[in-house]
Amino acid sequence: MRYELIMHSPDETMEFASKLAEKLQEKDVIALEGDLGAGKTTFTKGLAKGLGIKRTVSSPTFTIVKEYQGRLPLYHMDVYRLEDTFEDLGFDDYFEGDGVTVIEWAHLIKPQLPNELLVIHLYHHGESARKVMLEPIGKRYEQLCKEIMEA
Ligand SMILES: Nc1ncnc2c1ncn2[C@@H]1O[C@H](COP(=O)(O)OP(=O)(O)O)[C@@H](O)[C@H]1O
Ligand SMILES: [Mg+2]
């Protein structure tokens with residue numbers, strides 16, 4: 001099952017992500033896919049807001065991972081600069097940790113991703129609108145998407 005939504009503004013994207021965050025549990029993994037400027041970091045800011053994180057979330061430019069403390073820890077990764085890598089960089093410690101992991105450009109580390117995760121594709125849809133496609137992989141994420149979409 002896939003779900004498509006249109007977000008008409010950055011605020012709407014953040015609100016949606018924030019609502020999603022309220023339903024997240026430890027060890028949840030979210031993969032964000034989409035071109036530069038599609039809204040991956042904006043979406044992450046919304047997730048952070050929904051997790052009660054007060055610190056400003058920005059792209060991890062000089063590190064691969066940034067950690068934030070909220071209701072659950074948020075591990076924010078941007079793997080853009082890693083390019084395709086098969087090297088084991090120890091991502092499992094995050095995926096199997098006590099928090100939620102969100103990965104921008106996740107497909108670049110595909111071999112290292114968990115088998116089950118929520119893939120969220122973001123597409124430009126005009127100046128201030130974005131198409132969001134939810135692609136849950138695995139029972140946990142199918143259920144999560146159902147809950148979000150029925151709310
Ligand atoms: N509906 C929308 N949802 C998310 N971002 C949007 C939307 N409309 C316009 N934008 C703008 O697009 C840009 C997205 O940037 P960013 O979130 O950093 O993207 P990415 O991390 O995918 O490169 C921001 O400047 C944001 O304000
Ligand atoms: Mg970004």
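**Side-chain contacts: charges and rings**

Let's start with a salt bridge: the side chains of Glu4 and Lys131 meet, with N to O at 3.9 Å. The pair joins distant parts of the chain, Glu4 in strand 1 (residues 3-7) and Lys131 in strand 7 (residues 130-137), 127 residues apart. Strands (E, at least two residues) and helices (H or I, at least four) are DSSP runs, numbered from the N terminus. A salt bridge here is a side-chain nitrogen of Lys or Arg within 4 Å of a carboxyl oxygen of Asp or Glu. By that rule the count is five salt bridges.

A word on the source. This is a predicted model, where local features need pLDDT of at least 70 and side-chain atom pairs count only at pLDDT 80 or more, while totals for chains, interfaces and linings use all residues. Residues are numbered from 1 along each chain as its sequence is written, and side-chain values use heavy atoms, with hydrogens and water left out.

Back to the first pair. Glu4 is exposed, at 52% relative accessible area. Lys131 is partly exposed, at 24%. The cut-offs: buried is under 20% relative accessible area, exposed is over 50%, partly exposed is in between (1.4 Å probe, protein chains only).

Next, Asp28 and Arg140. Their side chains form a salt bridge, 2.6 Å from N to O. Asp28 lies in the loop between helix 1 (10-22) and strand 2 (29-33), and Arg140 in helix 4 (residues 139-150), so the pair ties together parts 112 residues apart in sequence. Asp28 is buried, at 3%. Arg140 is partly exposed, at 22%.

Now the rings. Which rings count as a pair? Those of Phe, Tyr and Trp (its six-membered ring) with centres within 6.5 Å; planes under 30 degrees apart are stacked, over 60 edge-to-face, the rest tilted. The whole structure holds four aromatic pairs. One of them is Phe16 with Phe43, edge-to-face, 6.2 Å centre to centre and 65 degrees between the planes. Phe16 is in helix 1 and Phe43 in helix 2 (residues 40-50), so this pair ties together parts 27 residues apart in sequence. Phe16 is buried, at 8%. Phe43 is buried, at 0%.

Tyr75 and Tyr94 also pair edge-to-face, at 5.1 Å and 70 degrees.

Last, charges over rings. The rule: NZ of Lys or CZ of Arg within 6 Å of the ring centre and within 35 degrees of the ring normal. The charged end of Lys40 sits over the ring of Trp105, 4.1 Å from its centre. Lys131 lies over the face of Tyr123, 5.4 Å from the ring centre.

Methods:
Chains are lettered from A and ligands numbered from 1 in the order in which they are written.
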